[in-house]
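Reader: I'm new to reading structures like this one. Could you walk me through a few features, one at a time?

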Amino acid sequence: NNTVNLIDKNYTLTLNGSDEYAYYSHDTDFQPTDWSLQAWVDPSALPSSGNNMWFVSKHQVYRIGLVNSGGTTKINGEMRHNGSWEILEGTTIANTTGGWYHVVLTFDDSANDFILYVNGSAIDQNLGYSGSTNNNNSDFVIGNRNASSDAWYQGRVDEVAFWDSELSANAVSVLYNSGSGLSASSNSGNYTFSGDLMLYLKMQQNLNDSEGSYNFTGSGIQSSDYISTDFD
């Protein structure tokens with residue numbers, strides 16, 4: 001049951017799946033040796049067979065989203081190295097009634113750890129992955145594969161965050177907080193990674209980074225796309 005009293009936030013961003021996305025122009029800060037990527041998502045549509053919808057993507061570097069293969073849709077995490085994608089297949093989504101999902105993708109170059117978490121648990125992993133973070137002159141994008149490209153995401157998105165380190169399994173569990181969510185800005189219990197937090201978009205009627213450095217630009221996004229919620 002993914003119904004949550006999310007997220008200590010008052011607004012979420014809703015994307016229409018056709019022409020709305022947010023982006024930050026290419027910056028090598030988002031291509032560190034080790035990293036972790038987070039998003040809270042609540043899809044309102046699923047991709048058709050053979051198609052994808054990406055929540056967050058840095059083109060040709062990493063991405064998290066929905067992938068429909070043979071009629072089955074899963075939450076995937078992917079990372080590109082030497083011209084090919086390393087793919088982690090996560091939770092199957094049969095319909096759009098599941099509510100919010102907490103998705104975290106982590107990579108540690110020295111440990112060769114590549115892990116996909118959904119709702120606080122490691123769903124798929126490659127603990128012997130010999131790849132490294134790809135360098136590519138691409139935007140960091142919320143809502144599709146590559147800025148104004150394709151594979152548009154339709155649904156709500158919140159709490160997009162990026163760290164320049166691999167979050168531990170215990171830290172991911174704390175951030176999920178049994179579905180209630182936890183702010184990434186402050187350490188709490190086994191979450192001790194706030195000092196590594198580079199980017200944190202809370203979608204509070206804007207695309208401003210609460211860490212103060214990487215404010216995003218919206219394309220097609222209107223003020224009405226920020227939806228006030230009943231969440232505590």
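Reader: Let's start with the helix. What covers the buried residues of α1?

Author: First, some ground rules. This is a predicted model, where local features need pLDDT of at least 70 and side-chain atom pairs count only at pLDDT 80 or more, while totals for chains, interfaces and linings use all residues. Residues are numbered from 1 along each chain as its sequence is written, and side-chain values use heavy atoms, with hydrogens and water left out. Now the cover: it includes β3 (35–43), β8 (101–108), β9 (113–118) and β12 (154–163). Contact here means heavy atoms within 4.5 Å. Helices (H or I, at least four residues) and strands (E, at least two) are DSSP runs, numbered from the N terminus.

Reader: Which residues of α1 are buried?

Author: An α-helix has 3.6 residues a turn, so residues three or four places apart point the same way. In α1, which spans residues 169–176, the buried ones are Ala171, Val172, Val174, Leu175 and Tyr176. "Buried" means under 20% relative accessible area, "exposed" means over 50%, and "partly exposed" is in between (1.4 Å probe, protein chains only).

Reader: Which strands does β3 pair with, and in what sense?

Author: Two strands pair if DSSP finds at least two bridges between them. β3 pairs with β8 in the antiparallel sense over 7 bridges, and Trp35 stands opposite Phe107 there. β3 also pairs with β12, antiparallel again and over 7 bridges; in that pairing Val41 faces Val157.

Reader: What about hairpins? Where can I find one?

Author: Go to β4 (residues 52–58) and β5 (residues 62–69), which run antiparallel and are joined by 6 bridges. They form a hairpin with 3 residues between them, and Gln60 in the turn has a positive phi of about 70 degrees. To find your place along the pair, look for Val56, whose bridge partner in β5 is Ile64. β5 itself is mostly covered, with 7 of its 8 residues buried.

Reader: Which residue takes a positive phi in the hairpin of β5 and β6?

Author: That is Gly70, near 65 degrees, in a hairpin with 2 residues between the strands. β6 covers residues 72–81 and pairs with β5 in the antiparallel sense over 8 bridges. Gly65 has Asn76 as its bridge partner in β6.

Reader: Now the loops. Is Ser165 buried or exposed?

Author: Ser165 is in the loop between β12 and α1, and it counts as buried because its relative accessibility is 12%. Leaving aside neighbours within four places in sequence, Ser165 is in contact with Asp34, Trp35, Ser36, Phe193 and Asp196.

Reader: Which loop holds Asn119, and what is its phi?

Author: Asn119 lies in the loop between β9 and β10 (121–126). Its phi is near 50 degrees, a positive value in a residue other than glycine. Asn119 is buried too, with a relative accessible area of 15%. Another non-glycine with a positive phi is Ser148, at about 55 degrees, in the loop between β11 (140–142) and β12.

Reader: Let's zoom out. How many helices and strands does the protein chain have?

Author: The chain comes to 1 helix and 15 strands. Its radius of gyration is 16 Å, close to the 17 Å that the globule rule gives for 232 residues, so the chain is as compact as a globular protein of that length. That radius is taken over C-alpha atoms, and the rule is 2.2 Å times the number of residues to the power 0.38. Buried residues make up 53% of the 232.

Reader: And what share of contacts join residues at least 24 apart?

Author: Among contacts between residues at least 6 apart in sequence, the share is 66%.
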